Amino acid sequence: MQQLISLYKSTYGRPPLKAETLAKAGSNRQYVRLTSAAGFEPRSVIGVIGTAVEENRTFVYLARHFGAAGLPVPQILAVSDDESRYLQTDLGSLALYDALAHGRQSEEGYSEEEQQLLLKTIRLLPHIQVEGAAGLEADRLLPPERFDAQAAMFDLNYFKYCFLRTTDLPVDEVRLEADFQQLSADLAACGAGHCTFLYRDFQARNVMLVDDEPYVIDFQGGQCGPLQYDVASFLWQASARYSQRLREVLINAYLDELETLQPVDRREFRCRLMRFVLFRLLQVLGAYGLRGYFERKKYFIDSIPHALASLRRLLFEGVADSYPYLKDTLQRLTEMPRFNTPSPDVLRHAARSCSEQVAAQRPLVVRIFSFSYKKGIPADESGNGGGYVFDCRSTHNPGRYEPYKKLTGMDEAVIRFLEDDGEILTFLDSVYRLADAHCQRYIERGFTDLMFSFGCTGGQHRSVYCAEHLAAHLHEKFGIEIRLVHREQGVSRTFEARH
């Protein structure tokens, strides 16, 4: 402490009036708020004592690098000669995690104000990842400088040795290792050829709020690596308890902002993201095992049930299906009696999660289009890739006959023609089976948007008939909102959801 005060004095020419040691969280660094006498600037700064000089050196380099790029990080004010201590700007005491406390505990979830803070934070992330990587000297990062298969294996073994082994769950080491190797290779492939900054610990405790604007801290462990890691870290943080609906809003906000910086394949991004959600949860459980079971820190022990609840949901959603033995191991892990005696807090969260899942069943909206292939397939404004496109041109075309040329698939004469012929009914039977299964799965998973498009030669007869009948079928079966658009006819209407 005295050496830190000496650094302050040598920087500002006077000793601080007050030195207040701040509470530690997960870090081994010591933070001290140094306050000056009234009338002197700066009014307060944060002094940092870190025994790991390499970590200090990396943080100082990154803070200066990010600051030069205009990113919101603490400014480095002074560094001791031995690099074991440094001073940085005081960002206050309000972390995003604390600002979101009401939403985590409330039955109603996050308020509008809390959601706005989350949106500001998730929109900041791609700027750190992309703009922060510009001109970055990778050799000044802590090893390993790049996220690769070896780095992924390190974290998976972290989970195995610091958490899984503590449970005494019987495991076939060879089969588990094989799945670890495959998962590591798949994760590493996501970052191949990319030059972006991977924060590695992007979570609400590492975001400070200054006048409701987010500033990031604790980024010294960063690497070059894939974008999805940080998104998974933030949105699937075990104690955050975001609803699936809110996650979707935040993912879309992130992708919208990322698109201002570089091209994005949204479908590919989302597929890769879920692998990182699984990986991040395993890494987090490893950290909770180390900090909780071995270092006896209560916060980390209390967080384990929330992480396991998230893991159960991922297993149910099939995220681990490509790694069968790992999936089996995790399934057995989550079913262990020691992890199935929830605290009152976990029970409250489970009840809220259940209500959120029920609520998430309502917002699924199915958009159904008819169109002419001559004018192109309808654009998908949701960013989800366009859904199903069915080609109706194999069926008998009433538009080839004079009595029907000025009619559409909504007119009774055309409907009789198509149904008497019968081909369109056989065609729709197959469509119904596929659409029913897809809608049911989207509802179960809390997805909000699904699109079906029917095309024919002119977008007038067969495609209109099919779109009309699928809309009526799905609305009757599921009671969900259907938005029907006959593009070439300039006709649209909405089937309201039944509540």
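Student: Is Arg-200 buried, partly exposed or exposed?

Tutor: First, the ground rules. This is a predicted model, where local features need pLDDT of at least 70, side-chain atom pairs count only at pLDDT 80 or more, and totals for chains, interfaces and linings use all residues. Residues are numbered from 1 along each chain as its sequence is written, and side-chain values use heavy atoms, with hydrogens and water left out. Now the idea: buried means under 20% relative accessible area, exposed means over 50%, and partly exposed is in between, using a 1.4 Å probe and protein chains only. Arg-200 counts as partly exposed because its relative accessibility is 24%.

Student: Where does Arg-200 lie, and what is its phi?

Tutor: Helices (H or I, at least four residues) and strands (E, at least two) are DSSP runs, numbered from the N terminus. Arg-200 is in the loop between strand S6 (197-198) and strand S7 (207-210). Its phi is near 80°, a positive value in a residue other than glycine. Asp-212 also isn't a glycine, yet has a positive phi of about 65°. You'll find Asp-212 in the loop between S7 and strand S8 (213-216).

Student: How many helices and strands are there, and what percentage of the residues count as buried?

Tutor: The protein chain has 16 helices and 14 strands. Of its 499 residues, 51% count as buried.

Student: How do I check the span of a helix, say H6?

Tutor: The expected span is 1.5 Å times one less than the number of residues. Helix H6 (residues 149-162) has 14 residues, so it should span 20 Å, and its end C-alpha atoms are 20 Å apart, which agrees.

Student: What caps the N-terminal end of H6?

Tutor: Look for a polar contact: a pair of N or O atoms within 3.5 Å; within protein, one must be able to donate a hydrogen and the other to accept it, and residues adjacent in sequence count only if both atoms are side-chain atoms. Here Asp-148 does the capping, with a side-chain oxygen 3.2 Å from the backbone nitrogen of Gln-150.

Student: Which residues of H6 are buried, and what do they pack against?

Tutor: An α-helix has 3.6 residues a turn, so residues three or four places apart point the same way. In H6, the buried residues include Ala-152, Asp-155, Leu-156 and Phe-159. As for packing, contact means heavy atoms within 4.5 Å. The partners of the buried residues of H6 include helix H7 (173-191), helix H8 (228-235) and helix H10 (266-294).

Student: How many residues of H8 are buried?

Tutor: H8 is mostly covered, with 8 of its 8 residues buried. One of them is Gln-228, which counts as buried because its relative accessibility is 5%. Leaving out residues up to four places away in sequence, Gln-228 touches Cys-190, Phe-269, Arg-272, Leu-273 and Phe-276.
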